[in-house]
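This report describes selected features of the structure shown below.

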Amino acid sequence: MNFLAELLISIFLVISGIFGFVGSYGLIKLKDSLQRLHAPTKATTLGVGGVLIASMIYFYAKTGHVSVHELLISMFLFLTAPITANFIAKAYIARNMRAQDLPSSHGAFGWSVYDDPPAGSPDTRDI
Amino acid sequence: MFRRLVPHPILSLVLVFVWIGLVNKFTLGNLILGTVIGLSIPMITAAYWPNRPKIQRPFKIAEYVLVVLWDIIVANVQVAMIILFKREPNIRSQWIPVPIELKSAEAITVLAGTITMTPGTVSAMLSADCNSILVHCLHTDDPDAVRDEIKSRYERRLLEIFP
């Protein structure tokens, strides 16, 4: 493996290590669950992304083939991470907050944890 | 006839690519096996999702992905700065309601996912009639600016992709 490839791999690993550390440090520092929720969304983007790019460069330098597993991993992360964050946020709101703690939705209907969807919308249809 | 055999052409294409990616080696056999999987899974599951998402300008998707990737990198650095260098009492988290004009469920899902993946904001909830989205912002002094940025940067592009 030549020097340039090793240098690039090291740079990406260090970058991802820094962001992974900051994400974990955020878990300690921030004070409530909703603020702490912001930390893992960072670790999954640049933290994991750096490791994946380093892995792609490593396998390209080592075997000469482009490995696409890393692209799939990042694609699956981008699909699943927002859904997890959304579930945690919604569970937190349902357990700990009241409707008047949140800002108004500026519409005829309130937020979905407290308010039923309008009649006839796809959510109310029997399946 | 085509609709019956290939109910979700985009899903079929994605399945073929995912299969070839999982095997991690491009050969004719893998392509054929991937095509069989990509055609049979949508056919078997077609009864569970009768509607097909409408996508107007597929080439805008590439632009959107690039914009989002760039924003993720920039926002990561900003949030790392907030976590490392801001004293804890000075971090002002806020709820920001963002009115949305997108109608289709797919477009709203993509917008909510984008808001969550760009660090510093997490999309928490939709209103019951899907006309606004509740965003939790880690630190901001100007909630209106965050709202306008989401609307002008992401929603405007999504409105062009999903009619």
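Two strands pair if DSSP finds at least two bridges between them. This is a predicted model, in which local features need pLDDT of at least 70, side-chain atom pairs count only at pLDDT 80 or more, and totals for chains, interfaces and linings use all residues. Residues are numbered from 1 along each chain as its sequence is written, while chains are lettered from A and ligands numbered from 1 in the order in which they are written.

**The hairpin of chain B**

Helices (H or I, at least four residues) and strands (E, at least two) are DSSP runs, numbered from the N terminus. Strand E2 (residues 121-126) of chain B runs antiparallel to strand E3 (residues 132-137) of chain B, and five bridges join E2(B) to E3(B). Within this pairing, Ser123(B) has Val135(B) of E3(B) as its bridge partner. The two strands, E2(B) and E3(B), form a hairpin with five residues between them, and Cys130(B) in the turn has a positive phi of about 60°.

A residue is buried if 20 or more other C-beta atoms lie within 10 Å of its own, exposed if 12 or fewer, and partly exposed in between, with C-beta atoms placed from the backbone. Six of the six residues of E2(B) are buried, so this strand is largely enclosed by the rest of the structure.

**Helix H4 of chain B**

Helix H4 (residues 59-85) of chain B packs against helix H6 (residues 143-161) of chain B at an angle of about 165°, with their axes 10 Å apart. That makes H4(B) roughly antiparallel to H6(B), a term for angles over 145 degrees. Axes are lines fitted to C-alpha atoms, for helices over the stretch in contact, and angles run from 0 to 180 degrees between N-to-C directions. Residues are in contact if their C-beta atoms, placed from the backbone, lie within 7 Å.

| Helix | Residues making the contact |
|---|---|
| H4(B) | Lys60(B), Ile61(B), Glu63(B), Tyr64(B), Val67(B) |
| H6(B) | Arg153(B), Arg157(B), Glu160(B), Ile161(B) |

Val65(B) is also found in helix H4 of chain B. Val65(B) is exposed, with 12 other C-beta atoms within 10 Å. Val65(B) and Thr114(B) are 49 residues apart in sequence and 9.7 Å apart in space, C-alpha to C-alpha.

**Contact between the chains**

In total, 43 residues of chain A are in contact with 35 residues of chain B. On the side of chain A that touches chain B, H4(A) gives the most, with eleven residues.

How values were computed
Angles under 35 degrees count as roughly parallel, over 145 as roughly antiparallel, 65 to 115 as roughly perpendicular and the rest as oblique. Two residues are in contact if their C-beta atoms, placed from the backbone, lie within 7 Å.
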